[in-house]
Amino acid sequence: MQLLPVFLDMQGRSCLVVGGGGTAARKVGNLVRAGAAVRVVSPEICDALDRRAKSGDLEHLARPFEPGDVAGNALIIAATDDRAVNREVARLANEHQIPVNVVDDPDACTFILPSIVDRAPVTVAVSTGRASPVLARLLRTKLESLIPAGYGRLAELSGKYRDRVKARFTDQRDRRRFWDRVLEGAVAERIFAGQFEEAEAIIEQELAPDALEHDMGEVYLVGAGPGDPDLLTFRALRLIQQADVVVYDRLVADAILQMARRDAKRIYVGKQRNHHAMRQEEINRLLADLAKDGHRVLRLKGGDPFIFGRGGEEIDTLAAEGVPFQVIPGITAASGCAAYAGIPLTHRDYAQSVVFVTGHLKDGSINLNWPALAQPNQTVVFYMGLVGLPIIVEQLMAHGVSADMPIALVQQGTTHLQRVYTGTLSTINELVSADPPQPPTLVIVGAVVELRDKLNWFRPPDEPVLGATTPIVPTA
Ligand SMILES: C[S@@+](CC[C@H](N)C(=O)[O-])C[C@H]1O[C@@H](n2cnc3c(N)ncnc32)[C@H](O)[C@@H]1O
């Protein structure tokens, strides 16, 4: 982190602004809104500042800057169009150890004014660490559209009830659950709809002594997708950020885990080939027990929980024991890898169907309906097919698939480590032996693979970057 984000209490504190043009006026706007006592030093000021001076928002000293102006301020902004004057202001500010912002001169700044989304008292500040103010503004625009205007009212309402809620729920967990219900449920919806009285009425009901919640938690079975965190659903993201305990396995990208609350307990339950940190029955038991203890449990699984993810077994136990749960689908590896490899699985000129099968080896063989998989005009996607690749190739050819049939292997699809191997059934084993791919790897067999030559769009960067191309990194 290049710059430390902080929110300063500026109520009544002195701020010096040197310069009187439009840029100074924009900076002054936020200072005044934060309650600062603003003094503008400039021989002349623009109309906007003049209006503010006349309405008493700021004090205007109509003269050039003097070194004596610096001392005693909490913040200083240098916004003249004379770089030398701005630099001199910055030098003196540094001498007095006062934070200074210099317009259009990032190197001379000791703080920056971020782009903000203002839902007072809620404020979201965006910084790109001096790299790109334009990008910060773009991000701000996106956030503006995501954060309903009613958030300010919601925060005010929370502030109003804070002490009563604290007195009503002495256990911190009960309190958090209460606030989750209020801030994400019917109360928030009423506020966003402008129905403030109704919102308060619901809170009052919830605070009534006979409205005690029973102490059962819940399990969220969430598909984390194939790796790229941008592929999460909104709902998955919301629940990830809500959970008290996160139970995750190997295929979950580190960047997605980091989205969980910092104080959420994280439990790694493994699931690597032939190396399970915890047996499936133990995982089922763990989920049920944690929820019965009152926790909101996030069971985070790679891809989609219901596609070769054993999600069904896990919620089976929960259903049998009366533990509430919800299932949030994720993008399965076949969809994610195919999209990021430029292979449309059912392009109608090449395939009328797509089949997802497991290529998992059991006792050295793969028990599949090979004649069905060898049908023409069909794409076959093998999950867990890397180790058994020679058997897959051999069986497909033995059941009539041409040795020239295209095949692709997608290693760590959708991440910055994505690599795609393409060949034919007759060449792929050799390619793989020469340069073995890393798991997880998905195998796609079918004529659609040819389309990759034309449709490949995703270029993983050479350097790891956090975000859209975050790799799958086992954290345990
Ligand atoms: C146990 S299955 C889990 C599948 C997961 N539930 C899903 O819907 O994608 C694991 C297999 O999925 C495939 N896989 C999962 N994520 C992948 C990725 N990012 N790239 C390539 N293959 C992946 C690999 O074939 C891996 O062996």
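A residue is called buried under 20% relative accessible area, exposed over 50%, and partly exposed in between, with a 1.4 Å probe and protein chains only. This is a predicted model: local features need pLDDT of at least 70, side-chain atom pairs count only at pLDDT 80 or more, and totals for chains, interfaces and linings use all residues. Residues are numbered from 1 along each chain as its sequence is written, and side-chain values use heavy atoms, leaving out hydrogens and water.

**Confidence**
- The chain averages a pLDDT (the predictor's confidence in each residue, from 0 to 100) of 90, and 94% of the residues score at least 70.
- Residues 465–476 fall below 50, yet this stretch has 39 contacts (heavy atoms within 4.5 Å) in the model beyond near neighbours in sequence.

**Ligand shell**
- The ligand is surrounded by 20 residues (a heavy atom within 4 Å); the closest are Pro226, Ile307, Thr332, Ala333 and Thr441.
- α13 (333–341) and β17 (441–445) each supply at least two shell residues.

**Ligand polar atoms**
- A ligand nitrogen is 3.1 Å from a polar backbone atom of Gly302.
- A ligand oxygen is 2.8 Å from a polar backbone atom of Asp304.
- A ligand oxygen is 2.9 Å from a polar backbone atom of Met384.
- The protein covers 90% of the 560 Å² of accessible area (Shrake-Rupley method, 1.4 Å probe) that the ligand has on its own.

**His295**
- His295 sits in the loop between α11 (280–292) and β11 (296–301).
- His295 is buried, at 19% relative accessible area.
- Not counting residues up to four places away in sequence, His295 touches Arg173, Gly217, Glu218, Asp244, Val245 and Leu290.

Definitions and conventions:
Helices (H or I, at least four residues) and strands (E, at least two) are DSSP runs, numbered from the N terminus. A polar contact is a pair of N or O atoms within 3.5 Å; within protein, one must be able to donate a hydrogen and the other to accept it, and residues adjacent in sequence count only if both atoms are side-chain atoms.
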